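Visitor: I would like to learn how to read some features of a protein model. Please take them one at a time.

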Amino acid sequence: NNPLPAHDHPPLVPYLMSLSMDLFGDNHHGWRFPSKLLGSLTIPAVFLIGSLLTSSIVAPLLGALMVMSDGLFITLSRAALWDVSSVCFA
């Protein structure tokens, strides 16, 4: 009876997607917005985690630049696939 199976998406993603669809409507902006947002938040998160792990600024900057320049990551976040959400929450 559960319309949102737990094994399909990370736990918070269906709720973010439904909230986004309530705000922006049932269109491509509505259901892609959470994935775009989480994909965008992953880049500074990589930088912050890298700066906490190292005392250098070079390694976190390279890590954030690698995520930013990864074509697959950009494509997955624009296509609203749940892999970006998994990476962000992991």
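Visitor: Which residues make the nonpolar surface patch?

Guide: Patches are made of residues with over 30% relative accessible area and no salt bridge; like charges are joined within 9 Å, and nonpolar side chains (Val, Leu, Ile, Met, Phe, Trp, Tyr) within 5 Å. A salt bridge is a side-chain nitrogen of Lys or Arg within 4 Å of a carboxyl oxygen of Asp or Glu. Accessible areas come from the Shrake-Rupley method with a 1.4 Å probe, and for residues only the protein chains shown count as cover. Here Ile57, Val58, Leu61, Leu62, Leu65, Met66 and Met68 make a patch of about 680 Å².

Visitor: What kind of model is this?

Guide: This is a predicted model, in which local features need pLDDT of at least 70 and side-chain atom pairs count only at pLDDT 80 or more, while totals for chains, interfaces and linings use all residues. Residues are numbered from 1 along each chain as its sequence is written, and side-chain values use heavy atoms, with hydrogens and water left out.

Visitor: Where does Met68 lie?

Guide: Helices (H or I, at least four residues) and strands (E, at least two) are DSSP runs, numbered from the N terminus. Met68 lies in helix α3, residues 58-69. The protein chain has five helices and zero strands.

Visitor: Why does Met68 count as partly exposed?

Guide: Buried means under 20% relative accessible area, exposed means over 50%, and partly exposed is in between (1.4 Å probe, protein chains only). Met68 is partly exposed because its relative accessible area is 43%. Of the 90 residues of the protein chain, 22% count as buried.

Visitor: Which residues of helix α4 are buried?

Guide: In α4 (residues 71-78), they are Phe73, Leu76 and Ser77. Seen down the axis of α4, these buried residues fall within an arc of 95°, so they line one face of the helix. The arc is that of the directions from the helix axis to the C-beta atoms. In general, an α-helix has 3.6 residues a turn, so residues three or four places apart point the same way. The cover over the buried residues of α4 includes α2, α3 and α5 (82-89), where contact means heavy atoms within 4.5 Å.

Visitor: How many aromatic pairs does the structure hold?

Guide: Rings of Phe, Tyr and Trp (its six-membered ring) pair if their centres lie within 6.5 Å; planes under 30 degrees apart count as stacked, over 60 as edge-to-face and the rest as tilted. The structure holds one such pair. The ring centres of Phe24 and Phe33 are 5.0 Å apart and their planes are at 55°, so the pair is tilted.
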